[in-house]
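Let's take a walk through this protein together, from the overall build down to single residues. Have the model open beside you as you read.

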Amino acid sequence: MEEISGTIPTTVPPALTGWYLPTGCLTPHYYEVQKVYQYIKFEKKGTQQIKLTNGYAFSDLDEFDYSYEWICNGKAVRNGDLHLSEGNLLEVPSRPDKCGELCLNVYATLKESTTWAEKGFKVAKEQLTYHDYEFPQLKDDGGKATFKETPEAVEIIAADALFTIEKGTGALVSWRVKGEELLHSALEPYFWKPANDIQVRNGYNERLSAWKNAEQKRIVKAYQATVNDGMVIVDASLSLPRIGAGYHLRYTVDGKGRIQVEATYQPEKEDIPLMPKFGMRMRMPSALNRIAWYGRGKFENYPDRKSSAFLGVYECGIHEFITNYIVPQDNANRCDTRWFMLGDSERWKIQVKGLQPLCFRIWPYGEEDLEGKEHAHELPERDFINLNIDSNIHGVGGNDGWGAQTMKPYTIDGNRSYRYGFIMEYMDKTE
């Protein structure tokens, strides 16, 4: 699996390096500022043209070169040059055939080197979508799953997989394939996102504190396991008394050993505080430290800081995936994810597919390890990877860094209902 080439600069051009921006010290903020501040805007004009708007005061659009990449299901399949025509228009190049999600990446680059950047440096870019992604739903593809109940759990057997769902908590507490345990700790609801520096200063920890450890007080009110068309379905109705909300979990296991997890949240009282994130968490063996995903990247992105992170297929190790801020804090989220995979040094082992776009974060430490730490080197490396699979997550910013709260469109209202889901599958692939 290859990263999309040419879409994201991974190093600073030599002319940009200096005491104020040393090579290798860029944070995700750099790419977002670069994108938001760019002086050329690209917009669709019908289906055959792209309209450019010039924001420069003293430069014309014909002073730049233009190029494109067609991105099919996250991978570059065709690229070339574009020519600016009268009216500041670019003609949309011919489309690839037989493609699922289809995006067009468009770039404006320097024709000549300048005092501040080399020839070919991208001064502006945009990603335009021409065909949307089709999200999957688990279907009966042959084979049969069966289950048995004990007073404490429901055990589901399908192909080489054995799933154990705990009745007292509604959590998936074990996932074994060919005798190998894939969970270090349970897959369960999880709502907390550690604060970043800006959020510490705007009272995030105090305002949203009801959600911290809210899942630990959940109560299972009803439980049911059934078989339908060869698939086992387990429903658990829960309540979140600390919050004043209902919560429902549904697990569906097919005959091939794939499990679909769906979560529904329903508020039952008024004035519930903003939700840090709506999702789930589990911990897996530390050997699964290689990550590939189809979503926004390659660098970290959040709902209010993702315009610079284009959809694509990316791959890296866990230490490249995380962001080591000077003061340890929440990091490493990837938005609008269609699927992601986890593997060790030899093969891919786990794939997670969203039933809708996902956010996900992976760390070699836990949320609790971030508390009270002042420097990245103080963070331990645990014997697990910490995986959050979310529908949405609270944005990172405010209009200033000393008290302004995150803008409303990038928060999660605790007084609204939410539902999301994903499919998990054991892969065991060497490619």
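Start with how the chain folds back on itself: of its contacts with a separation of 6 or more, 65% are between residues 24 or more positions apart, where contact means heavy atoms within 4.5 Å. Before going further, please keep in mind that this is a predicted model, in which local features need pLDDT of at least 70 and side-chain atom pairs count only at pLDDT 80 or more, while totals for chains, interfaces and linings use all residues. Residues are numbered from 1 along each chain as its sequence is written, and side-chain values use heavy atoms, with hydrogens and water left out.

The chain has five helices and 24 strands; these are DSSP runs numbered from the N terminus, with helices (H or I) of at least four residues and strands (E) of at least two. Along its principal axes, the C-alpha trace spans about 75 × 50 × 40 Å. The radius of gyration is 23 Å, which agrees with the value near 22 Å that a compact globule of 431 residues would have. That radius is taken over C-alpha atoms, and the globule rule is 2.2 Å times the number of residues to the power 0.38.

Buried residues make up 52% of the 431 residues; buried means under 20% relative accessible area, exposed means over 50%, and partly exposed is in between, with a 1.4 Å probe and protein chains only. The accessible surface of the chain comes to about 19700 Å², and carbon and sulfur atoms hold 48% of that area. Such areas come from the Shrake-Rupley method with a 1.4 Å probe, and for residues only the protein chains shown count as cover. As for charge, the mean positions of the 51 positive and 61 negative charges are 3 Å apart. Lys and Arg count as positive and Asp and Glu as negative, with His and the chain ends not counted.

Rings of Phe, Tyr and Trp (its six-membered ring) pair if their centres lie within 6.5 Å; planes under 30 degrees apart count as stacked, over 60 as edge-to-face and the rest as tilted. By this rule there are 26 aromatic pairs. One of them joins Trp 116 and Phe 121, whose ring centres are 5.9 Å apart with planes at 90 degrees, so the pair is edge-to-face. Trp 116 is partly exposed at 40% relative accessibility, whereas Phe 121 is buried at 12%. Phe 340 and Phe 360 form a stacked pair, with 4.3 Å from centre to centre and 5 degrees between the planes. Because Phe 340 lies in strand E21 (residues 334-343) and Phe 360 in strand E22 (residues 348-363), this pair ties together parts that are 20 residues apart in sequence. Phe 340 is buried at 1% relative accessible area, and Phe 360 is buried at 0%. Ring pairs also link Phe 191, Trp 211, Tyr 247, Tyr 265, Phe 278, Tyr 418, Tyr 420 and Phe 422 into a cluster.

Beyond its neighbours within four places in sequence, Thr 109 is in contact with Phe 64, Asp 65, Gly 120, Phe 121, Lys 122 and Val 123. Thr 109 itself is buried, with a relative accessible area of 13%.

Leaving out neighbours within four places in sequence, its contacts include Glu 215, Lys 277, Arg 281, Glu 367 and Asn 388.

Helix H1 (residues 28-36) has Pro 28, Tyr 30, Tyr 31, Glu 32 and Lys 35 as its buried residues. Strand E7 (122-131) and E20 are among the elements that cover them.

Finally, visit some loops. Between strand E19 (290-297) and strand E20 (310-317) you will find Lys 298, and the peptide bond from Gly 297 to Lys 298 is cis, with omega near 5 degrees. Ala 159, in the loop between strands E9 (153-158) and E10 (161-166), has a positive phi of about 55 degrees although it is not a glycine. Ala 159 is exposed, with a relative accessible area of 54%. Lys 178 has a positive phi of about 50 degrees, and it is not a glycine either. Lys 178 sits in the loop between strands E11 (172-177) and E12 (180-181) and is exposed at 56%.

How values were computed. The place of a charge is taken as NZ of Lys, CZ of Arg, CG of Asp or CD of Glu.
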